[in-house]
Amino acid sequence: MSLLSVRDLTVKFAMRDQTVTALNGISFDLAKGERLGIVGESGAGKSITGFSLMNLLSRPGYIDTGKILFEGEDVVQMSDKRLRNLRGNRMAMIFQDPMVTLNPVLTIGQQMIETLMAHRKLSHEEARQIAIVKLREVYIPSPEERLEQYPHELSGGMRQRIIIAIALLLDPQLIIADEPTTALDVTIQADIMELMLELCQSNQVGLILITHDLGVVSQMTERTLVMYAGRIIEAGRTREIINDPQHPYTQGLINALPQQTVPGQRLKQIPGNMPGLASIPEGCAFNPRCKYATDLCRSRIPEIVHYGEVDVACHEVQRLNSDEDRQEARA
Amino acid sequence: MSDVNTDRPLLEIKNLEKRFDLDQGFLETLKFKQGKIVRESRSVHAVNNISLEARKGEALCVVGESGCGKSTVARLVAGLLTPSAGEIHYGGQRIDNLSRAGMQPLRKKIQMIFQNPYASLNPRMTIRQALEEPVRHHYPNASAAEVRDKVTEVMLSVGVDPSWAKRYPHEFSGGQRQRIAIARALTVDPEFIIADEPISALDVSIQAQVLNLMLEAKESRGLTYLFITHDLSVVEHFGTRVAVLYLGSVCEVADTRTLFSSPKHPYTRALLSAVPQLKDDRPNHIRLKGEIPTPINLPTGCPFQSRCAFADTRCKSEKPKAIHQPDGSMVACHAVEEDRLDAVAAG
């Protein structure tokens, strides 16, 4: 049985004059200890997916239909009490900005010990010892002293390590990390990524990594979902998606990276912008930006089909594959 | 700019320094030490003795991590900050000590593009007002029709639809706003553009659009760029020359191709190895010890010594000077100078 199984998840936002659909029929599975990447640009719905998995959406957003089965239990139907037990305990979340996640008026120790004592029957001293062990696991030097410090006394990289230590405090089965390294410098990012990878592998923790950075996904995850305008448009093993993407959007995203073009030449840009939720085009949401779009694309939403090594939602995937440019690009 | 001797760089930065005082008032400078009250003021050493050059038509990229002083360099060159020491020359003229009035003609030649297009456009001005303002300011004698034509021409050249002119910045996406910000910089026909992280706030597919736009403007208008970024893959694509900064000092300056094919400074090597690669399975990530120290109390000697695997006693006491390498790059590192780096790597 998979650890997490999401079926037909649809999330809507009720605005004053209309209701918009932020997620539209998302389905995917995550095995125990598996690492999954969710990529897409701003507005694709990747962060909303993360929030929904923990049932953390607040008004005006709500889960309209669908199931989120975590260890066989539907998160959508859970009582508040069950949810409290789930969050932080069996499922933990890491956000982009550690300064916002940590409470600035509590010491690191208070925040860690509070979390532990809320979920487990532990004495203060026992909780403190666990906190020290967890800080050591994320390579925080002299953890006893850190427990007495406030978040503002620590550097960005150190704070993000502490966030990871807090996420791991109760030995969760799944960590959802929403752009965990975006606010950090590259050398620190590389450290944090290595650390997360190591901890996930050694503790058999599942990871859902939400990011816009294809390089990060490529190094951290086994499988990848590509999202566009609230739908999954391509899913498969990360290697396949990076090396041989099938959806024109995924191809565009990878080809747009500066590494993919000879220095000084024009980058291969995708024209246009991601549509707003209130104005998602009819048919395939990507069709106004897609050079392969046909009348069918403009009128009917493509189903996800298995093609080659991946699952892809594109009417024209076969024609696209026989396209000469594409053959050339691959060669 | 035919009157400028082409042998001379368009922009010359000589021994530039910038310190920001942390303790400004008299009372703030009083400290209690060993039973005595002493006066002591702390300052952030944002830029320490930096020398750089940019030739006409070049795209000089300044890279480094947060706190390395790259944005301060941009602001000093743009005249938004006054240097604590050192000189900045533009087209043979010293510009860092000019008065406001003296700076006026240069403001037309040197334009700046900022990171956040949400903050750099006035939310209460329509796009037309925002774009016409600099033209009116720098060409006070231009007629309304001339201003209008100029703005429309620039809008078309950067892919801003002239029908947007009546709308306000909040009606546009980040990528569109950055286009408008670029258009605003180009309306006065500048020669030199300072771009401070112009694409960092944008999505990947939009980054490519904006970067292409900047490349086009470079070719069609013969622009020279000072491009500030933390993103090395963008540097490799866009830059003709690169300066790597660490804690306010230059580590290495080289042609882009040279820097990426044979990085020399240990920090440059670590920085390059840390970029997440798309296709390599196992990166040869060079792990750095610790984190960037604060620029308040700079260590003596090499600023990078606390994280460098090659640091020795000389690195701790003596700050390395930038030394010319056979391939034309400049490297400030004792270990490179003494040829210790590759000896260790080979052994």
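In chain B of this predicted model, residues 24 or more positions apart account for 67% of the contacts with a separation of 6 or more. For chain A, 62% of the contacts between residues at least 6 apart in sequence join residues at least 24 apart. Let's take a tour of the two chains, the place where they touch, and a few local details.

**Chain B as a whole**

- Chain B contains twelve helices and 14 strands.
- A compact globule of 347 residues would have a radius of gyration near 20 Å, and the 22 Å of chain B agrees with that.
- Along its principal axes, the C-alpha atoms of chain B fill a box of roughly 70 × 55 × 45 Å.
- Of the 347 residues in chain B, 44% are buried.

**Chain A as a whole**

- In chain A you will find 14 helices and twelve strands.
- Chain A is as compact as a globular protein of its length, because its radius of gyration of 21 Å is close to the 20 Å that the globule rule gives for 331 residues.
- The box filled by the C-alpha atoms of chain A, taken along the principal axes, is roughly 65 × 45 × 40 Å.
- Buried residues make up 45% of the 331 residues of chain A.

**Where the chains touch**

**Two helices side by side in chain B**

- Two packed helices are described by the angle between their axes and the distance between the axes.
- Helix α5 (residues 174-186) and helix α6 (residues 204-221) of chain B pack at an angle of about 15°, and their axes are 9 Å apart.
- Angles under 35 degrees count as roughly parallel, so α5(B) is roughly parallel to α6(B).
- The crossing of α5(B) and α6(B) is right-handed.
- From α5(B), the contact uses B:Gly174, B:Gly175, B:Gln178, B:Arg179, B:Ile182 and B:Leu186.
- From α6(B), the partners are B:Ile206, B:Gln209, B:Val210, B:Leu213, B:Met214 and B:Ala217.
- An α-helix has 3.6 residues a turn, so residues three or four places apart point the same way.
- This contact between α5(B) and α6(B) has seven nonpolar, four polar and one charged residues.

**A helix crossing in chain A**

- Helix α4 (residues 108-119) and helix α5 (residues 124-137) of chain A cross at roughly 115°, with axes that come within 9 Å.
- That angle makes α4(A) roughly perpendicular to α5(A).
- The crossing of α4(A) and α5(A) is right-handed.
- Which residues meet here? A:Gly109, A:Met112, A:Ile113, A:Leu116 and A:Met117 in α4(A) meet A:His124, A:Ala127, A:Arg128, A:Ile130 and A:Ala131 in α5(A).
- The classes in the contact of α4(A) with α5(A) are seven nonpolar, two polar and one charged residues.

**Helix α1 of chain A and what follows**

- Is helix α1 (residues 46-53) of chain A mostly covered or mostly exposed? Mostly covered: six of its eight residues are buried.
- The buried residues in α1(A) are A:Lys46, A:Ile48, A:Thr49, A:Gly50, A:Ser52 and A:Leu53.
- Just after α1(A) comes A:Asn55, which takes a positive phi of about 55°.
- A cis peptide bond runs from A:Arg59 to A:Pro60, with omega near 10°.
- A:Pro60 sits in the loop between α1 and β4 (61-70) of chain A.

**Backbone details to look for**

- Most residues other than glycine have a negative phi, and most peptide bonds are trans.
- A:Ser142 has a positive phi, near 40°, and lies in the loop between α5 and α6 (143-146) of chain A.
- A:Ser142 is exposed, because it has 10 other C-beta atoms within 10 Å.
- In chain B, the phi of B:Asp339 is also positive, near 65°.
- The loop between α11 (334-337) and α12 (340-346) of chain B is the place of B:Asp339.
- B:Asp339 counts as exposed because it has 8 C-beta neighbours inside 10 Å, where the cut-off for exposed is 12 or fewer.

Methods
Residues numbered from 1 in each chain as written. Chains lettered and ligands numbered in written order. Predicted model: local features only at pLDDT ≥ 70, side-chain atom pairs only at ≥ 80, totals over all residues. Helix = DSSP H or I, 4+ residues; strand = E, 2+ residues; numbered from the N terminus. Rg over C-alpha atoms; globule rule 2.2 N^0.38 Å. Buried ≥ 20, exposed ≤ 12 C-beta atoms within 10 Å, placed from the backbone. Contact = placed C-beta atoms within 7 Å. Axes fitted to C-alpha atoms, helices over the stretch in contact; angles between N-to-C directions. Parallel < 35°, antiparallel > 145°, perpendicular 65-115°, else oblique. Left-handed = near helix turned anticlockwise from the far one by under 90°. Nonpolar A, V, L, I, M, F, W, Y, C, P; charged D, E, K, R; others polar.
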